[in-house]
Amino acid sequence: MTRPEPSAFNQSRQAREAESVLDQITDRFDDNPQGMAYFYDLFRRIYCHGEALPRKGIQIGTTCIQAPEELIYAVGATPIRLCNGSYHYDQTGGDFMPAKSCSLVKATLGMLNSENPVPRVGELDLVVNPTTCDQKKKASAMIEGMGYQVHDLELPSAKESEESRLYWQRTVRRFAVQLSKVTGKKMTRKALKAAMARTARAQSAFRTMHNLRKSSPTLFLGKDAFLVTNAFFFDDLERWTEAVETLNSELLQRQEEGFQAAQRKAPRILFTGSPPIFPNLKLPLLIEESGGVVVADETCSANRMLYDMSAVDEWRLNDMVDALADRYLKPCTCPIFTRNEDRQRRLLDLAESFSADGVVYQAFSGCQVYEMEQRSIGDALSAKNIPMLYVETDYSPDDIGQLSTRIEAFLESIKARKRKRS
Amino acid sequence: MKKNIWQGTLLLLALCSQSVLANAPLWLSDTAPNDESAGHQHMSHGGPVERGKRGVFQKRLWVRSGKAPAEAAYVIPEGELSAQLIIPDKSQAKLKQSVKDQQAQLVFSMPDEGFYNAYLTQRIVDNNQLEITTAKAEVLKHSCREGHDHVKDLMPPNHLSDIPLEIVRERLPNENFHSRVAYGDVISFLVLAKGEPVSGAEVTLYTRSGWQNSSISDEQGHATFTIIRDYFPSWEFFESRHRQEFLAVAKLQRDETGSYQGESYSGVSYVATLPGAYFPSSRDYQSYGYGLSFGLFGLTFSGLSVYLYRRRRIRPYKEVRFDD
Amino acid sequence: MNYFAGIDIGSTAIKVALVDESGGIAGVHVTASGSLFHKNAKEALAHLLKKLNIHQDDVHYLIATGYGRKLFKEADDSISEITANALGAHEAGKAFGGVRTIINIGGQDSKAIQIDADGNVANFAMNDKCAAGTGRFLDVAARNLEIDLEELGDYHFDSTSVPMTINSTCTVFAESEIIGLLANGHEKGSIIAGIHYSIAKRTVRLAKRVGIEDRVYFDGGPALNKGLVAAIEDELQRELVVPEYPQTTTAFGAATLARSEYFAEQEA
Amino acid sequence: MLANIRQRLYNADLKRFRFWLQFGFFVLFVYGGYIAINLGNSLPTFSCGYNGEGRGGVCYLLPLQHQLSGSWERLFSWAGIAILQGFLYFTLWFIVLNKAWCGYACPLGTLQDWISSLRRAMGIHFARYSEQAFRSLTWVKYGLLALTILIPLAIGGGLLPHSMGTPFCDICPGRMIIPLFTGDYSQFTIDFSSKSSMVMTGLGMLITGLFFAGAFFKKRFFCFFCPMAALHYLVSKPALLKLVKDGSKCTRCGDCYRVCDMEIKEIADEVDDPRIMKDDCIMCLKCVAACPEEDALKATFVGIPIFKATEEGFIKRMNKGAGSDPS
């Protein structure tokens, strides 16, 4: 692809960070799928050249996947996920949060607080902040302090009980009302139904891609998969879906040709824990550079965001909104919930159906819930004798040397296991 | 043997029998004369029965004389008697005659489903009149265990073609083993002589309390009556399954000369009797009006309460609801 | 005669190990890494070969490990020091009747490794970024107390009074804490013992995370420090297996792998 | 080839299929009699015996109560055999379709579905029980079943008047409503002939009214209290048709719970026990159709899967809803 001249903006640290990661993604690996070109280009334009995407209607920022995007689309607005992955913003956001807190939240705050942030979020008429982890809870006041209008989406801290389910349904209904207030558009059955159909199409495209990763030898690498799902944060829904569908058709072709994107014996890794968000694809890249391949993930920047689909019995507004509420709460495996056997079961199922050899568990230092769940997940996996590597890290690049040692050692030990088994 | 017994008792009853013969025809009733013999019985779809070996129904009929079924006397008939029985498959079968504590009885068992016809024919010559009385009873045997598929074929009534005069109750519209003759129903009788319909026979219907109504059989031998209500208990004692007997009597006078048992006669009077059961009509105690009003009440009450509940939930608690 | 080399390019020292066909150690050499990893590594290898006067061409297979492994292009292959360490300890441990748990304290990190019967890594844990409880920590302490690294052990045993408790785990803060203790006129021995115990505590916590099985093998530069060994044994309530050349275990492991890889290739 | 057919089957539009099957069964049980269909009187579904000519068979509860109301000495002689025989036939009928008798065959159930679709057409939101209400109400059907059996027995013992011979039929809305479809409204009365029958028939009419209102707001309102359902559950173990759940595949997304007419929470939350059919289940298989997880839910007949959850099928069905114009 042709790269335009680096703009003045391109000199900024954030852009250089993005640039180098993109180069790493594109150049250090051979035969990336043609279909990925769209996404590589998209990220260059958005993250390196600071282009702003044209949006339909007003923009509504979301700080978490819990905010039902179908509702936002239904009132003619566009959702933009504000979760940010750049070390630069992580540092600038440090003013708001204690040093030991989660990089993701800090980076998000940093981006929102900076003059002309990249990616260009533009004018945000509303920021929806689901009250998930403590740091996000506290963030909402700070975001408000920066002059944004914030809507707290009250999330129950347990999801099993019927009470919490109803409580969450109320929250979502209230959110829908708030949306119509902000946009001045009435939530209609037709619009919501159409919005749900669009998202469903995107989801089924994702699921196809997801299932294609089951095939061994691998058809494409995890870093690309993460890039695709990361693009979902800000890209236009239709365009994204089409891009993914073209990618899928290419991958299907690869499957018929028996194409290998990685060595046949390359350890298949299931990635879980804190979400890899561009440009912080440190860990997935390390894994795949050291000869492993990320075949599946259980993170809120990919699988958890797009996998679960909603079912509606009677296509009337009430039932649709409640169905959406259910889809955003019931299957969610975020560790903020008091009990979380679902996450264990989901991981075991993924490991089994994607024939993963090992699990890499990323926890952003400061993301306590992930740090806390590390042990129980590890036990559950080792019970099924699946090895897990627990990595506590953040956005800073300084531990890359040490991490590569660990990851290589992990991959080597997996290879040794496989050799022993065969 | 039995015959001799009856002959023996004949003299004793000569007097009363005179009067009996004069105006009270014989008929066969399934109402027990006393509680003692009623004790053995239980109600079946075909009226009271006794249970014999292996649960086979036994029907016991008493010979009675008199018009109002309520008062008619239990008697031992005189004269020359012959008894016959047709079973559902239209073939003949034997039935037991006996006299037990001053009461003449007919007993037969009903193994198969359907209608059984019992006949008792009496011939007497009285001041050169030959009286031929045929007391007939039509008894239904049915138990639901046998199912209801066979009902249709068994419904049509049977008769004998060698009976001098016979009454046949014709079926009600779509009558089945469970249907009951009720107040207000119109029942129709067919009068047959030797199996052939006869016109001009005088048919009289006696209800339980003795109320009577007569009509003459038409060309096809039909005579129809409307059953009246003659059961007026106070509500606490009202019994919707209250069973009462009616009695139908047909008379036909013919000027035929001949001699019978050495006695000559110049006229023959044919008499046929047939009892039946009738019950209170459901119209007497069932009410659509109340039924519907209850139903509507339930409907509106519950519907309204749901509606109000929903309104309440929306208003004070600010429950968000969309209306589209 | 065929030889196989393993070179462990660590943060503080470069270790080279040479094994012969039988797999026995032909020789080892240790030099400081300095700033020029690559150059020093080559020199170290050359130096060892010269000392044993073995010709370059007799070294048939060379495997690099340690932080510098990627930079050392001369190597036939490279593996992570954790795997190398496991192999080395497994081999060297045979002499002691086999080991299953390894504690390694390096220049800037400390590891605990659990290996299975054939020397494969079953599980491992590593200290996070900071240098607390690593060789670097001892360096700093020694510098503050103005004594040589080698002397630390002797001071540890000479100390008459109870070991001091060093509360701060961070190297930088520990530094000032030590100075403070000196200022209050505490004797060096008890301070050093305290330092050893604080390191021992951290290391044992690490070891417990991977799970401790029968014999515990202790290698890495600091394993030369008898005082530290004693402290860890005390914390662990077990005897430690300390090899003759604790620094070179990893390099030895790399060399052993080099040998087996070579023969594997010969067969193929 | 076979796999192809299977796939087509799994992607089928259950809604339409179910509607027509229910319709067929309705005709069979309500009008079958006119074309000389008689499936006997041990049917495990509400083919009402009070529907004279038209009925294609008789709901087992009617003969059961009838038999039980016989005198006790008879119950322990030949009548006992008859009862066992009837129960055997009932069970044989039942194990073929399991509770699908409720979801597909029962005329009263079908009628309720039609009433709900009327409600849907009117754009009125359906009602749900609160969890507590559900937990407490779910026992009612067992209470009713107990009464349905005990009252006739009491009559046999002469403890209760004979006019209560069929207590459940007296209060069952089916008695009033189903004969209505053959133009027989004679059940819409209150019987004043005795106190007991007056009370029972009065109750019956009240409940009939309640039935219409309830079925209008609540999906499958009556099934929740149906003693037949309770009786089903007691003999459901050997059934040939089974609803099976693979917990390891389940993401607990609750889609199945959302579409469940009977509000059975376990269908979404139970992940350990594969035998997921609960006592309230009517085996309508809507849950299977609404499950996006491959193989998570399946209906098997003697072990052979006849309908199971597939991702493809789910997307097809849901997008049919989502794509088309709102209705």
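Select D:Phe224, which is buried at 2% relative accessibility (buried means under 20% relative accessible area, exposed over 50%, partly exposed in between, with a 1.4 Å probe and protein chains only). This is a predicted model, in which local features need pLDDT of at least 70 and side-chain atom pairs count only at pLDDT 80 or more, while totals for chains, interfaces and linings use all residues. Residues are numbered from 1 along each chain as its sequence is written, chains are lettered from A and ligands numbered from 1 in the order in which they are written, and side-chain values use heavy atoms, with hydrogens and water left out.

Next, select D:Phe19 and D:Phe23 in helix α2 (residues 14-31) of chain D; being four residues apart, they are separated by about one helical turn. Helices are DSSP runs (H or I, at least four residues), numbered from the N terminus. The two ring centres lie 6.5 Å apart with planes at 15 degrees, so the pair is stacked (rings of Phe, Tyr and Trp, the last by its six-membered ring, pair if their centres lie within 6.5 Å; planes under 30 degrees apart count as stacked, over 60 as edge-to-face and the rest as tilted). D:Phe19 is partly exposed at 36% relative accessibility, and D:Phe23 is partly exposed with a relative accessible area of 36%. Compare D:Phe224 and D:Phe225, an edge-to-face pair at 5.6 Å centre to centre and 80 degrees between the planes.

Conventions: Helix = DSSP H or I, 4+ residues; strand = E, 2+ residues; numbered from the N terminus.
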